Structures are given as C-alpha cells and as structure tokens.
Amino acid sequence: MEICIYRAYEEMSRAAAQEVADVLNAKPNAVLGMATGSTPLGVYQQLVKMHTRGEIDFSHVTTFNLDEYVGLPITHAQSYHRFMHENFFRHINIPPQNIHIPSGTTTNYRAFCDWYEKRIEEAGGIDLQILGIGSDGHIAFNEPGSSLSSRTRLKTLAKQTIDDNARFFDKPQDVPIYAITMGVGTILEAKQILLLANGANKAQAVAEAVEGPVTSMITASALQMHPSVRAFFDEAAAAKLKMREYYDWIQFHKPGAPRV
Ligand code: F6R
C-alpha cells in the first residue's frame with residue numbers, strides 16, 4: 001500500500017481526481033468503481049471541473065457503485081442513486097446505460113446481487129475502485145465480521161454506521177438498516193484501488209486498516225492483501241499512523257527513485 005498524506009482535504013481530493021484522470025487518459029473506456037458519502041465529494045467536484053475544462057471525457061467510461069440503502073426509492077434525498085446523479089453523473093458526459101448502482105428496491109435481492117457481479121465481470125472488471133472508510137473500519141458496507149472473500153449481497157448495517165449516517169437523515173430512525181453492498185472479495189478484484197480518508201473520526205480506523213493485522217473486524221485491513229492500493233489521507237485521518245515518518249520519507253525520495 002502506498003500512503004500519501006496531504007495537508008488538507010482539498011489537496012487530497014485534487015490528487016485523487018488526478019489519479020482518476022490518469023486512468024482515463026491511459027484507458028478512455030475504463031471501468032470505475034464509485035463510492036458515496038462525504039469523503040469522495042471533493043474528488044467528484046474536481047472531476048467535474050476537469051470535465052468542464054475539457055480535460056477528461058467520460059463518454060466511454062462504465063461505472064459500478066459500491067452500495068445502496070435498501071428500501072429507499074431512487075428519488076429519495078439520501079439514496080445513493082440520487083447522491084451520484086446530483087453530485088457527479090448529471091455534470092459529466094457518461095452515457096446513462098453505462099452507470100450501475102445496486103438496487104435498493106428490487107424484489108429479488110439474491111438474483112440482483114448475482115446479476116451485479118456478472119455485469120462487473122462482463123465489463124472486464126473494475127480498473128480503479130474509489131473507497132472511503134467507515135469509522136468502524138468498513139469498506140463499502142462490509143461491516144465488522146464480514147467475510148474477507150464476500151461478494152455482492154444484502155447486509156445488515158452496524159449500529160455504528162447507522163449512528164454515523166444519521167447526520168444525513170431527519171431522524172436516526174430514518175436510517176435504513178439494510179444495504180446492498182459489493183463484497184470485500186469483489187473489491188479486492190479491482191485492478192487498482194484508491195482509499196480515501198479525512199477527518200479525525202477516521203484516524204483510529206485508518207491506523208488499524210493500514211498498520212494493524214488483517215482481520216474481518218476491520219474489513220479495510222483486507223486491502224493489505226491487494227497489490228495496488230494507493231491510500232490518500234489528510235493530516236487528521238493520518239494522525240494515529242505509527243510509521244508516519246517512513247511514509248513521508250518514501251514520498252520525499254520518490255522523485256529520485258530508480259525507474260522500475
Ligand atoms: C459509501 C461507502 C462507505 C463510506 C464510508 C465513509 O458508498 O461505501 O463505506 O465510504 O461509510 O463514509 P463518509 O465518507 O460519509 O465518511
């Protein structure tokens with residue numbers, strides 16, 4: 001895992017958007033894995049700016065979102081369908097048929113999840129997966145205890161996640177209890193992964209994910225098993241990393257490193 005620490009959220013978001021742009025420049029028909037929540041908002045804003053300036057084109061891009069709440073209609077203000085359209089898709093030129101977001105209103109969850117996995121495979125797999133991290137160490141909605149080889153499925157949200165996400169809803173009781181989520185195994189098949197975290201409330205989860213043992217209790221720790229993860233953190237999220245000096249040392253010496 002390559003760790004890059006930025007002074008502020010905006011700087012981290014710009015660097016992450018540049019990672020996405022680099023993938024699209026190398027492969028205009030790339031398959032992107034998308035996350036929702038407050039963490040990737042800045043990346044989406046930067047990508048929209050780059051698109052408006054004519055620097056990136058999404059006309060051949062395909063996307064797969066990580067997750068969706070069960071029971072919210074796609075028009076609900078807090079559905080991840082609505083989030084993605086409002087914050088990203090409606091501002092870029094991606095063909096609507098290339099967008100995939102798990103259904104939170106299907107009548108057959110098992111069949112839907114199998115179909116979603118198959119669609120990812122048919123698209124050639126995910127080239128770059130963007131991830132946030134929950135304060136309980138989850139990636140997507142793979143809560144503590146999730147199998148590290150899990151696939152897309154219906155999942156019960158942890159109390160911690162419901163409490164964390166209550167800020168987006170009128171009342172805590174309005175937060176859905178179930179979600180459809182890509183599995184840890186699904187995520188680990190992405191060719192490249194970009195893990196993002198900002199804010200002090202992520203510091204403990206980040207430290208455990210990056211420097212702790214690989215455990216299903218912190219599903220983000222499974223990323224240690226992936227050969228191509230770049231982790232971008234702001235200072236607050238990086239505050240509990242024990243090897244901080246080493247990560248800075250690596251970044252400092254990078255420009256002069258022998259070409260591989
Ligand atoms: C959302 C997702 C979640 C979030 C995580 C952090 O699609 O997969 O794992 O990334 O809950 O959420 P924020 O960014 O709101 O702190």
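**A chat about the chain and its ligand**

Me: Where does methionine 243 sit?
Reply: Methionine 243 lies in the loop that runs between helix H8 (235-238) and helix H9 (244-253), and please keep in mind that this is a predicted model.

Me: Is Met243 part of a patch on the surface, and what kind, polar or nonpolar?
Reply: Met243 forms a nonpolar patch on the surface together with Tyr246, Trp249 and Ile250, and the accessible area of these residues together is about 430 Å². Methionine 243 itself counts as partly exposed, because its relative accessible area is 43%, which falls between the limits of 20% for buried and 50% for exposed.

Me: Switching topic, which residues come nearest to the ligand?
Reply: There are 14 residues around the ligand, and those that come nearest are Thr39, Asp67, His138, Ala140 and Lys202.

Me: How far is the ligand from lysine 202 and alanine 140?
Reply: An N or O atom in the side chain of lysine 202 is 2.6 Å from an oxygen atom of the ligand, while for alanine 140 a polar backbone atom is 2.7 Å from a ligand oxygen atom.

Me: And how much of the ligand does the protein bury?
Reply: The ligand taken alone exposes 400 Å², and the protein buries 94% of that.

Me: What about asparagine 142, buried or exposed?
Reply: Asparagine 142 counts as buried, because its relative accessibility is 0% and the cut-off for buried is under 20%. Its place is in the loop between strand S6 (128-131) and strand S7 (153-156), and a polar atom of its side chain lies 2.9 Å from the backbone oxygen of methionine 182.

Me: How many salt bridges are there in the whole structure?
Reply: A search of the whole structure finds 18 salt bridges. One of them joins arginine 230 and glutamate 2, whose closest N and O atoms are 2.8 Å apart. This pair links distant parts of the chain, since arginine 230 is in strand S10 (residues 229-234) and glutamate 2 is in strand S1 (residues 2-6), 228 residues apart.

Me: Which residues are linked in a network with those two?
Reply: Glu2 and Arg230 are linked with Glu19 and Lys254 in a network of salt bridges.

Me: Last one, what does the radius of gyration say about the chain?
Reply: The chain has a radius of gyration of 18 Å, which agrees with a compact globule, because a globule with 260 residues would have a value near 18 Å. Of those 260 residues, 53% count as buried, and the chain holds nine helices and 10 strands.

Notes
Residues are numbered from 1 along each chain as its sequence is written. This is a predicted model: local features need pLDDT of at least 70, side-chain atom pairs count only at pLDDT 80 or more; totals for chains, interfaces and linings use all residues. Side-chain values use heavy atoms; hydrogens and water are left out. Patches are made of residues with over 30% relative accessible area and no salt bridge: like charges are joined within 9 Å, nonpolar side chains (Val, Leu, Ile, Met, Phe, Trp, Tyr) within 5 Å. Accessible areas come from the Shrake-Rupley method with a 1.4 Å probe; for residues, only the protein chains shown count as cover. A salt bridge is a side-chain nitrogen of Lys or Arg within 4 Å of a carboxyl oxygen of Asp or Glu. Helices (H or I, at least four residues) and strands (E, at least two) are DSSP runs, numbered from the N terminus. Buried means under 20% relative accessible area, exposed over 50%, partly exposed in between (1.4 Å probe, protein chains only). A residue is near a molecule or strand if one of its heavy atoms lies within 4 Å of it. A polar contact is a pair of N or O atoms within 3.5 Å; within protein, one must be able to donate a hydrogen and the other to accept it, and residues adjacent in sequence count only if both atoms are side-chain atoms. The radius of gyration is taken over C-alpha atoms; the globule rule is 2.2 Å times the number of residues to the power 0.38.
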